[in-house]
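Me: Please show me the structure, and then let us go through some of its features by question and answer.

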Amino acid sequence: MAPTAAGWTIMIVSIGSVCALTAFCCYRLIFPLPAPPEEIRGEVHVPFDP
Amino acid sequence: VAQNDSSQGREHFATRMGVIMAVAGSAVGIGNYLRFPGLAVEHGGGAFMLPYFVALLIIGIPLAWAEWTMGRYGGMRGFNSAPGIYSVIWPNRLAKYFGSLALLIPLAVYMWYVLVESWCLSYAIQYLNGDLLTGHGGRIDQFVAEAEQAGKVGQDAVTLAYKTYFEHFIGSNHDGQALEAGHTLPLIVLVLVFSLNFACIYRGLSRGIEKLCNIGIPLLLILSFAVLFRVLSLGTPDAAKPDQNLINGLGYMWNPNGAALRNPEAWLDAAGQIFFTLGVGFGIMINYSSYLRAKDDIALSSLTATAINEFSEVCHAGLITIPAAFIFLGATALNSEPMSSTFHVGFVVLPNVFDSMFGGRVFGFMWFFMLFIAAIAASVSMLQPCIAFLEEGLGLKRRSSAALLGLMAATGCLFVLYFSKDSRALATFDFWGATVCMLLLALFQTILYGWVFGIERGNVELHRGAQIRVPRFFQLMLKYVTPAYLLGILGAYGYYKLGDEVANLMKDKVAMLSIGFVGLVLAILMLFTHLAGRRWQREGRLVNAAPKPNA
């Protein structure tokens, strides 16, 4: 009843892919993507007081 | 993030992690640890992973994204319950009645699930006081003595003792047995667990469910890791049986039998497992996601909740349950056990394993306490859709809605508890109130998303505030492949299983009564939905369902 090559492969691929998905999700949660810069619409008024 | 939006009187999750934990809590349940490994063994071991992952990719992950998207969309328009959310997406007077199904499923499941939850806590307590370990003078010793009187010896006597103990414990021998003398502990624990669920729900989303899951899910993972390490360190505990070792246990669980894939039931059960394990088509995700804000991420949150669930199922349960059972009981004993029976694996096979294991008292307690935590996080989530509906549909305050829901849930729970013979009421509630209705609701939601809501709008909504990009082919899959796959499963279910189920139903009075009970609950929920629809019409909420400014 020892694992065959196919048994080891399926076990490692299944567990590995689920672990990779979980790791990716945790990584993205901890290091979120930077928010996209807000689009500036209209003229920019810079107060100028000489 | 505010816990309660006072201007709208609407609740929100306090943190993003809170919503992920709550959804993971609703998904990770007893089925992860007991049902999945048993199904895998029954359907070709490692070969079962093929239909399992296909179902995960075609049904599980896409449908979860669709539910989260529609839920947040409805929430932004002031609705937290499925009848309201469906009505916003599909402005048709029939839409809200499909929402009744999304209320029935979690409620019908809760009615028996809370009972199983109380079994887990009772077993955990009985491990602490030694009642479930042989040779400690506890109750199980009486059952071992009876088994020996019946002519069984050694391991056979112990196995029979655990089986008869469990049947006596749940009152499987005749109706009403679970309410007789000698069942004081399970009854007290049931009342305690039932009250705990309602205390959580009464405290609200953020202070109740979110807090419970924020503590419960990490604790669950810690306990699960502890049991996993114990199993992985077992090696060959009995030198006289060198074949019963960890490596061979892994082989028993994972070695593929490709021929099993030719059996359509393997594909049906894989799809069914994905439904149960992720809770898609259950009515909970759509409710939870409605509490999110417009710019909260849903793409990554949904995927994370799915990943946590899969992690506990494939990486933990896949390495714990069957290998441990193999090491102590051996292949011959396991082959003669009904491994696809969740309760048999959990309450008969595993206690047998803990009895043979060094430190079995501690690990038995940890295992059943872990199952209890998984169960309570799931059962609390089953109450929230109905509470949300009673509050927003009928305008009830939290106290009144909790009281009304408590009355309905307690009646159903007592029904299942009383008609305990062979768990017929429980099985009927599970098959008709959950399995069949979940498939129908999932199909409705897929069509609603793909063909009414629209995949273009869905794609935009899904990516609002998203932390990941979801490939566009998932949207196309939701429109064409997922409904076709679900229709195929529904058809195959009808062809392979419905006949037997209907035949069983016809010759069993309790099953007929149970169907009548579930039908009555559905009728009441549809009446409430009708009243809610009239109320929403009167208030103009369905016509002017524009996004709320501070949602």
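Reply: Helices (H or I, at least four residues) and strands (E, at least two) are DSSP runs, numbered from the N terminus. This is a predicted model, in which local features need pLDDT of at least 70, side-chain atom pairs count only at pLDDT 80 or more, and totals for chains, interfaces and linings use all residues. Residues are numbered from 1 along each chain as its sequence is written, chains are lettered from A and ligands numbered from 1 in the order in which they are written, and side-chain values use heavy atoms, with hydrogens and water left out.

Me: Where does α13(B) bend, and by about how many degrees?

Reply: Helix α13 of chain B covers residues 299-335 and spans only 42 Å between its end C-alpha atoms, whereas a straight helix of 37 residues would span 54 Å, the expected span being 1.5 Å times one less than the number of residues. The bend at a residue is the angle between axes fitted to the seven residues ending there and the seven starting there. By that definition, the bend in α13(B) is at Leu329(B), by about 105 degrees.

Me: How many residues apart in sequence are the parts that Arg424(B) and Asp508(B) tie together?

Reply: Arg424(B) and Asp508(B) form a salt bridge (a side-chain nitrogen of Lys or Arg within 4 Å of a carboxyl oxygen of Asp or Glu), with their closest N and O atoms 2.6 Å apart. Because Arg424(B) lies in helix α17 of chain B and Asp508(B) in the loop between α18 and α19 of that chain, the pair ties together parts whose separation in sequence is 84 residues.
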